[in-house]
Amino acid sequence: MSAGPDPSRPIRIVVADDHPVVRAAFATLLDSQPDFTVVRTAGDGTEAVLACREERPDLVLMDIRMPGTDGIEATRQVTAEGPHPPRVLILTTFDLDEYVYDALRAGASGFLLKESTAERLFEAVRVVAAGDALLAPGVTRRLIAEFAATPPRADQRADPRPHPAAERLRTLTPRETEVLLLVAEGLSNPEVAARLTVTEETVKTHVSRILAKLGLRDRTQAVVTAYESGLVVPGGRGR
């Protein structure tokens, strides 16, 4: 699990998009916030990976469809490097773009529509950089439902091995498993706390322990793991 950004300094960001005008617009918007600093921009996935290696940002705003190394492969490379890789916030034109699911599997922590308002962009960057909440609960729940309903690719079906986190799921306590199931439903920390009649701080502690035990970066990856490991069955509650 990667550490969050140091709250005493601005969130360091790399913006990757193959359209120069779009790239410049996002960079300018982000730089307008006192708690953000855009350290590099990139015109394709290869440049994005190189920028991350050299700049060590906290977050990458990553377009999916770029020439050469696309955003999915770049996300896979970026999130696999080092003990504390940057989190990736995917930019997409369509909120249910099939590539979004591949990006989440590749290690992305969230997604954002290119048509989103500046306020939503700022919120999304802060949320994903912190790693302690999911984006837009209503949209997230719809994304989770679609993600769960998406059949595995042929290469996944052919692989008889269990999901890497399946064994580690057994290390979770009954309460941690319950929290993970609720997180997989798209519930926020306050919603989980209300459902379990505990404090929000208690929920945060459980989530942190879950991520540490499963070796995950953030809640989004916990949701993906819950479905891909079989803990949660599409269309129903957990097993």
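The structure is a predicted model, in which local features need pLDDT of at least 70, side-chain atom pairs count only at pLDDT 80 or more, and totals for chains, interfaces and linings use all residues. Residues are numbered from 1 along each chain as its sequence is written, and side-chain values use heavy atoms, with hydrogens and water left out. Helices (H or I, at least four residues) and strands (E, at least two) are DSSP runs numbered from the N terminus.

**The sheet**

- Five strands form an open sheet in the order β2-β1-β3-β4-β5, with parallel pairing, where two strands pair if DSSP finds at least two bridges between them.
- The edges of this sheet are β2 and β5 (110-113), each with a single partner strand, so one side of each is left without a neighbour in the sheet.
- On average, neighbouring strands of the sheet are turned by 25 degrees against each other, direction ignored; the axes are lines fitted to C-alpha atoms, for helices over the stretch in contact, and angles run from 0 to 180 degrees between N-to-C directions.
- The parallel strands β1 and β2 are joined by six bridges, and Ala16 has Ala42 in β2 as its bridge partner.

**Helices**

- Helix α2 lies across β1, β2 and β3 and runs at about 135 degrees to β2, while helix α3 (residues 71-79) lies across β3 and β4 (87-92) and runs at about 160 degrees to β3; contact here means heavy atoms within 4.5 Å.
- In helix α9 (residues 174-184) the buried residues are Glu176, Val179, Leu180, Leu181, Leu182, Val183 and Ala184, where buried means under 20% relative accessible area, exposed over 50% and partly exposed in between (1.4 Å probe, protein chains only).
- Just after α9, Gly186 takes a positive phi of about 95 degrees.

**Salt bridges**

- Side chains of opposite charge can pair when their charged atoms come close; a salt bridge is counted when a side-chain nitrogen of Lys or Arg is within 4 Å of a carboxyl oxygen of Asp or Glu, and by this rule there are 14 salt bridges.
- Asp58 forms a salt bridge with Arg9, with the closest N and O atoms 2.9 Å apart, and this pair links distant parts of the chain, 49 residues apart, with Asp58 in the loop between α2 (45-55) and β3 (59-63) and Arg9 in the segment before β1 (11-16).
- Of these two partners, Asp58 counts as buried at 12% relative accessibility, whereas Arg9 is partly exposed with a relative accessible area of 33%.
- Glu55 forms a salt bridge with Arg40, the closest N and O atoms being 3.0 Å apart; Glu55 lies in helix α2 and Arg40 in strand β2 (residues 36-42), so the pair ties together parts that are 15 residues apart in sequence.
- Within helix α5 (residues 118-130), Glu123 and Arg120 lie three residues apart, about one turn of the helix, and their side chains meet in a salt bridge of 3.5 Å, N to O.
- Glu123 is partly exposed at 44% relative accessibility, and Arg120 is partly exposed at 40%.

**Around Pro10**

- Pro10 lies in the segment before β1 and is partly exposed, with a relative accessible area of 31%.
- Leaving aside neighbours within four places in sequence, Pro10 is in contact with Pro34, Asp35, Phe36, Thr37 and Asp58.
- Although Pro10 and Pro34 are 24 residues apart in sequence, their C-alpha atoms are 7.1 Å apart in space.
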